[in-house]
Amino acid sequence: MNKRQNLNYLCGATVLAASALVSCGSTSKQPEKPNVLVILLDDAGYNDFGFNGSKDLKTPNIDKLAANGVVFSDAHVSASVSGPSRAGILSGRYQQRCGYECNLGSKLGLGLQEETIGDVFLKNGYNTACFGKWHQGNGPEYHPNKRGFEHFYGFISGHRSYFFRPDGYDKPGSLHNLQLNGKQVTFDGYLTDVLADEAAAYIGQRKDSGKPFMMYLAFNAVHTPMEATEEDMAMFEGHPRQKLAAMTWAVDRGIGRVIDKLKETGKYDNTLIFFLSDNGGAHNNQSSNYPLKGFKGNKYEGGIRVPFFVTYGDRYKGTFDGLSSSLDIFATAIAAAGIDTATLKNPIDGVNLLPYLQGEKEGDPHPFLFWRKERKSAVRMGDYKLISVEGIGERLYNLKDDLGESQDLCEANRQLCDEMKGAYQEWEKGIITPMLWDEGIWHEVCQEMHRALMNNEKVTCFSPQDLKKKSGKKKK
């Protein structure tokens, strides 16, 4: 099935092919290996960037970067919540292959049998750095410095304040506090700015380095708590989404500083940049996933389809509509660096996107994409998506005709449903029992969310407190 592609292919001195360097003109000198920069936001809405349709939030630096690259309209993360989604990005594999299906709490993390993108680039001669939110395990064995990143400036937990809080988040020993390679550090100002400045400084320090770098820049913006500086809040006074607008403006400013530093040091043209959110916008941070249905934490498009683009100097521009995944970041990055997949510890699930960017391939990079969290699953095949929830049922949607996922097509397409379920069952053979499940009342909350969405009802239950209120009303 071919997808519409609107790409302009620009050729400078050289273009990187899937696994080798291919010259566009005659030259005897091989270019240096590319730097790799993954920019990851937290809980950002699909419709909260100018390049993706936002009219009320200001994102000039991000929009400029997107305009100089390829925007993917049908890109997804591998989970609708942070921890497992980030595990998929870091490993290039479905996180269920190591039993990682939900946020793992305090004792578990990304399986130690998994090779991270940091591991791979480090052993292939790169400097590697991680900035911001880790959320891949609190134990020392899961620390970024032990998972392939030489340099870590960020925090281990899944959230924290955007300001220094010595009596709270930043108490000595807290997993929320900011650290540099395992040692707690204090900071002044607003965390989004601090992370961007540290990332830019790292790039500047490598201006004359003989090694390329791989950087994972994982902002905690725009995750709760909803905090912004007084100056940024004043800029959006009267805005209906004032806090989100201010926080988004700050992260856009920070990304601008990082890109400016790449250009100042002459590294921009040779840096492969990925931009995305770890999942869809959350129900509690003023985000908008329009025109998608759902939000963070469920199998509808609003939970798993994310703003995503790839920029690589001036090589590629346009849009790409093929079915793609955050798992593809790993595969594309190592291909650009000329790293042979045969040298990897584990087979990866991502697809190298470079041939699609270069026009050598068309259509969907993935014939299928799969999602599972406990008793809830989803399958994409072409334009069709099948959602199954144990105890509720299943729904089939044609996203080309019904992006809002409102019309169930199961009854009229039983053969297609069976085909998609068969593909899912084959995929399940390659994953293992989850390390941890969301049990008890949170499982019930998630069930109620899916029940409402699957029945085209307004979701009113987001917490155990909401569920208790709802149960109380039913009894009356």
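At roughly what angle do the axes of helix α1 (residues 60-67) and helix α6 (residues 242-264) cross? Figure 1 has the answer. Everything here comes from a predicted model, where local features need pLDDT of at least 70, side-chain atom pairs count only at pLDDT 80 or more, and totals for chains, interfaces and linings use all residues. Numbering runs from 1 along each chain as its sequence is written, and side-chain values use heavy atoms, with hydrogens and water left out.

**Figure 1. Helix α1 crossing helix α6.** The two axes cross at roughly 50° and come within 7 Å. Axes are lines fitted to C-alpha atoms, for helices over the stretch in contact, with angles from 0 to 180 degrees between N-to-C directions. Helices are DSSP runs (H or I, at least four residues), as are strands (E, at least two), numbered from the N terminus. The pair is therefore oblique; that word covers what is left after roughly parallel (under 35 degrees), roughly antiparallel (over 145) and roughly perpendicular (65 to 115). On the α1 side, Pro60, Asn61, Ile62, Lys64 and Leu65 make the contact (heavy atoms within 4.5 Å). Helix α6 brings Trp249, Asp252, Arg253, Ile255, Gly256, Ile259 and Lys263. Sorted by type, the contact residues are six nonpolar, two polar and four charged. Here Ala, Val, Leu, Ile, Met, Phe, Trp, Tyr, Cys and Pro are nonpolar, Asp, Glu, Lys and Arg are charged, and the others, Gly among them, are polar.

**Figure 2. Cysteines without a disulfide bridge.** There are zero disulfides in the structure (a disulfide being a pair of cysteine sulfur atoms within 2.5 Å). For Cys102, the nearest cysteine sulfur belongs to Cys446, 10 Å away. Cys102 is buried, at 0% relative accessible area (buried is under 20%, exposed over 50%, partly exposed in between; 1.4 Å probe, protein chains only). Cys461 also has the sulfur of Cys446 as its nearest, 9.9 Å away, and is buried at 1%.

**Figure 3. Ser157, in the loop between β8 (151-155) and β9 (179-180).** Ser157 is buried, with 7% relative accessible area. Its side chain reaches the backbone oxygen of His159 at 2.9 Å. The side chain of Ser157 also makes a polar contact with that of His176, at 2.8 Å (N or O atoms within 3.5 Å; within protein, one able to donate a hydrogen and the other to accept it, with residues adjacent in sequence counting only if both atoms are side-chain atoms). Leaving aside residues up to four places away in sequence, Ser157 touches Lys133, Trp134, His135, Leu175 and His176.

**Figure 4. Helix α8 (residues 328-336), largely enclosed by the rest of the structure.** Nine of its nine residues are buried, including Phe330 and Ile334. After α8 comes Gly338, with a positive phi near 75°.
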